[in-house]
Every structure is written in C-alpha cells, then in structure tokens.
Amino acid sequence: MQKKDCLPINYCRLCNSHEIKKVFDLGKTPLANSYTKKNLSKKLKKYPLGLNLCNKCGHLQLTHSIKPEKMFSNYLYQTNTSNKNFLHFKDYALEVSKLFKKKSGKILDIASNDGTFLNFFNKKKFFRLGIDPAKNLQKVANSKGINQIDVFFSEKTSYKIKKKFKQFDIITANHVCAHVENLEDFFLGVKNLLKKDGIFIFEISYRGSVLNKNTFDTIYHEHLDYHALYPLLKFLKKFNFYLFNFKISDAQGGSLRIYTSKKPRSINQKKIKNQIIKEKNIYRLFKVSTYKKFEDKINDCKNNLNIILNNFYKQNYTIAGYGAAAKTTTLLSYFGLSESQQIKYIFDDNKLKQNLYLPGTKIKIINPNYLFHKKIDILIIFAWNYSDVIMKKIKKNKSFQKKSCKFLVPFPRPRIVQ
C-alpha cells in the first residue's frame with residue numbers, strides 16, 4: 001500500500017514499460033471528492049494532474065498516484081443517485097444473469113458501492129457478496145440485504161475471502177479498475193476467486209469516448225487509467241484470461257465492458273479486429289499528436305465558456321450550477337472558475353453532498369428544491385452526461401416554468417438552451 005500522499009508514476013501500469021511521455025497537463029487540482037463542511041478553498045491541498053502515454057503498448061494513465069485511503073475510505077458518490085445510471089445497471093445485471101445458465105450460483109461485485117448493481121440479481125438464485133472500502137456505503141448496501149465487506153480488494157484479501165466464501169461463478173468490477181493502485185495484484189486476486197468455468201466482467205471508462213466527446217473533466221486523481229481495448233488485450237494475457245466479448249455504451253459518458261473467462265469461449269474475432277483498427281487508424285488513440293489536438297479543443301472550450309460567463313456576469317445575471325460530480329472539480333479548476341465569484345451555488349441530488357462545499361471552491365452544494373425558489377438566470381449543467389434528463393426534470397416544475405432561466409451545457413462545446 002502506498003505510504004506517501006502523492007507519488008509520480010514512472011512506468012506503464014499495464015506493460016511495466018518506462019517508455020512513457022506526458023501528453024496533457026492540467027496543473028494542480030484538489031482531490032475531486034474532497035468535499036468540506038466549511039469553505040476551505042485556500043487550505044485544501046492540490047496535487048499534480050497530468051496524462052502519460054505509453055510508447056510501447058499505447059496505454060494512457062495519470063502522471064501521479066494519490067494514496068487510496070485519502071480518496072475512498074469515506075466516499076460520497078452513490079450509484080443510485082442518477083436514474084439513468086440506475087437503469088444502466090439494471091439492464092447490465094439482466095444481461096449477466098442471462099449469461100449464467102445454471103440454476104444457482106455465486107456472484108462477487110468488487111467496488112459494489114451502495115449495492116445497487118447486486119440488488120438486481122435474484123437473491124433466490126444467487127449468493128451475492130459485495131466488496132467496497134467505503135464504510136459509510138456498507139450500511140446502505142446492508143440495508144438492501146446485500147452482504148458487503150469494507151476492505152480494499154487485493155490478492156491478499158482475496159485469500160481471506162476465499163477461505164470464508166470459496167470461489168465464485170461470476171465476478172464483476174464496474175468502474176473500479178482505473179481506481180486500483182496495483183492492477184496486476186487486483187487481477188491476481190480475481191483469478192484466485194474465480195471458478196475454472198467462471199466469468200469475470202468489468203466495465204471501465206472508454207478512452208475513445210473521452211477524446212471524441214472532449215470530456216476532459218473525467219480526468220481526475222481517482223481515475224489512474226484511461227482504457228482502450230488494444231492495450232487491455234495484451235494485459236489480460238498475463239493472467240490467462242480469455243476475452244470472449246466486449247461492449248461500448250454511453251454509460252458514464254462512454255464505457256467499455258470487457259467479458260473474460262478462464263476457459264476459451266466462442267468469440268467474434270472480426271468484431272475485435274475491427275475495433276482495434278478503429279482505435280489505431282480512426283481514433284488514433286496511440287499517437288501523441290492526438291492529445292495535442294485534444295488539449296487545443298479543451299482550451300477552446302475553456303476560452304469560450306469564460307467569455308460567455310463573463311458577459312453574463314457583467315449583466316448582473318445570477319449564475320448557478322447543477323451537478324456536484326467529481327468531474328466538476330476538474331472543470332472548475334482547469335477553467336479557472338474555482339475562486340470565481342460568478343457561480344453562486346450548485347444543486348445536487350445526492351443528499352450526502354448537500355450543505356458541503358465543492359473541493360477548492362467557495363461554492364456551496366444545496367438541495368435542488370431550492371432551485372425553484374431562488375432567482376437564477378443561468379443554470380450550468382455540470383453533469384453534462386445527464387443534461388437531457390436533468391433539464392427535462394427541471395422543466396416539469398410549474399414554478400420553474402414561470403422563470404426566464406436559461407440552461408448552459410458546457411460540452412462538447414458551450415451551448416445555451418432556452
């Protein structure tokens with residue numbers, strides 16, 4: 001386990017090569033989920049945030065790693081806060097259940113959060129076990145009837161789990177691989193707990209979507225890796241995991257789901273080959289020049305958004321935000337809006353975040369119900385990946401219909417929605 005708060009990563013986390021090069025630098029930012037009860041904008045510690053590209057395997061990762069205990073021991077993100085996210089995991093669980101042909105089995109979900117995903121699996125058919133280091137979320141999962149252990153998953157802890165629960169038919173790990181300090185150790189732990197005929201499915205943020213949609217705000221200290229299929233194929237071979245399918249979805253702004261097993265299964269080789277050709281020749285994910293263009297696009301967005309906000313501010317418009325997501329911290333910091341007086345407050349549906357302050361800012365997070373009672377001229381939808389859902393929900397309110405408030409969506413480029 002990492003001892004210092006912040007350490008440079010001088011090797012590729014997938015292939016261990018030292019042939020890495022910095023391709024994007026966002027400066028120093030506070031930890032994305034370091035919400036505070038008081039305004040500690042100037043006291044909150046900031047850490048380097050940049051991206052390195054591996055010249056050997058093409059993997060993209062952060063330049064520095066932060067001690068996991070500083071980020072995950074008390075975690076305020078909850079899977080079920082967003083209805084869109086809720087439905088995504090419902091469909092995902094149904095798909096996994098159909099893959100499993102036996103009458104009964106055992107499923108382990110690593111980084112199970114509040115138990116939402118496991119709760120979709122029939123408890124009469126499956127023995128369900130969740131693992132998550134956040135003690136506060138263990139109580140939420142337990143209230144749903146989910147057996148959840150509050151530990152960091154590793155090869156070492158896998159032996160303790162194996163001793164008590166034996167092996168599992170299905171192991172899932174959704175949007176956690178990018179958070180893991182030691183990926184090789186993590187996959188060895190999975191291998192130890194998976195039955196010979198079992199399946200391991202993990203979902204991760206897809207790098208192709210990040211670049212295509214300009215969603216740089218998904219870059220923050222919790223996300224050590226920005227994955228693509230091609231580098232992962234090489235990595236999986238280390239552990240004798242066989243890829244038998246993959247899927248790309250819009251979840252979390254763009255996700256890649258990987259289906260693997262210990263035993264070879266039938267696979268669509270053409271589908272895999274075509275995706276790798278896309279990554280290499282169309283998306284050009286493994287070229288340094290791609291990230292220079294990406295940085296230019298982000299800086300254009302930054303300049304345009306600041307111009308728009310300054311014009312509104314000069315007209316004495318009241319500006320607020322919606323969505324105190326982790327990505328909001330990156331955007332505010334890199335765009336120079338952290339210390340700005342322009343944004344009065346930010347609304348968020350997550351009750352755990354309400355009445356706290358956004359990391360490194362003077363902006364307080366408040367209950368969305370206040371949105372309909374306060375004078376707001378411009379509402380920035382920071383949770384851009386749920387912008388349509390959020391705007392539709394707000395527009396239904398009769399009190400809001402009487403207001404002349406405009407929506408401002410920052411990505412893929414700033415746009416005003418009446």
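**Loops, helix pairs and cores**

Visitor: Is R284 buried, partly exposed or exposed?
Guide: The relative accessibility of R284 is 36%. Buried means under 20% relative accessible area, exposed means over 50%, and partly exposed lies in between (1.4 Å probe, protein chains only). By these limits, R284 is therefore partly exposed.

Visitor: Which pLDDT must side-chain atom pairs reach in order to count?
Guide: This is a predicted model, with residues numbered from 1 along each chain as its sequence is written, and side-chain values use heavy atoms, leaving out hydrogens and water. Local features need pLDDT of at least 70, totals for chains, interfaces and linings use all residues, and side-chain atom pairs count only at pLDDT 80 or more.

Visitor: Where is R284 found, and what is its phi?
Guide: R284 belongs to the loop between α9 (269–282) and α10. Helices (H or I, at least four residues) and strands (E, at least two) are DSSP runs, numbered from the N terminus. R284 is a residue other than glycine, yet its phi is positive, near 50°.

Visitor: Is N316 buried or exposed?
Guide: N316 sits in the loop between α10 and β14 (319–322). Its phi is also positive, near 65°, in a residue other than glycine. With a relative accessibility of 65%, N316 counts as exposed.

Visitor: Are the axes of α5 and α6 roughly parallel or oblique?
Guide: Axes are lines fitted to C-alpha atoms, for helices over the stretch in contact, and angles run from 0 to 180 degrees between N-to-C directions. Angles under 35 degrees count as roughly parallel, over 145 as roughly antiparallel, 65 to 115 as roughly perpendicular and the rest as oblique. The axes of α5 (residues 155–165) and α6 (residues 183–193) come within 8 Å and cross at roughly 20°. That angle therefore makes α5 and α6 roughly parallel.

Visitor: Which residues of α6 meet α5, and how many residues of that contact are nonpolar?
Guide: Contact means heavy atoms within 4.5 Å. From α5, the residues E155, S158, Y159, I161 and K162 meet D185, L188, G189, N192 and L193 of α6. Ala, Val, Leu, Ile, Met, Phe, Trp, Tyr, Cys and Pro count as nonpolar, Asp, Glu, Lys and Arg as charged, and the others, Gly among them, as polar. By class, the contact of α5 with α6 holds 3 charged and 3 polar residues, while the nonpolar ones number 4.

Visitor: Which residues does I219 contact, apart from neighbours within four places in sequence?
Guide: I219 is one of the members of the largest core that touch the most others. With those neighbours left aside, its partners are F24, L26, L49, L51, L62, Y226, F294 and T330.

Visitor: How far apart in space are L53 and F286, C-alpha to C-alpha?
Guide: L53 lies in strand β3 (residues 46–54) and is buried, with a relative accessible area of 5%. Although 233 residues separate L53 from F286 in sequence, their C-alpha distance is 7.6 Å.

Visitor: Which residues does V180 contact beyond four places in sequence?
Guide: V180 is in the loop between β9 (168–174) and α6. Its relative accessible area is 11%, so V180 is buried. Beyond four places in sequence, V180 is in contact with R13, F186 and L224.

Visitor: What distance separates the C-alpha atoms of I365 and C57?
Guide: I365 is found in strand β16 (residues 364–366) and is buried at 0% relative accessibility. I365 and C57 are 308 residues apart along the chain, and their C-alpha atoms are separated by 41 Å.

Terms used. A nonpolar core is a set of buried Ala, Val, Leu, Ile, Met, Phe, Trp, Tyr and Cys residues joined through side-chain atoms within 4.5 Å.
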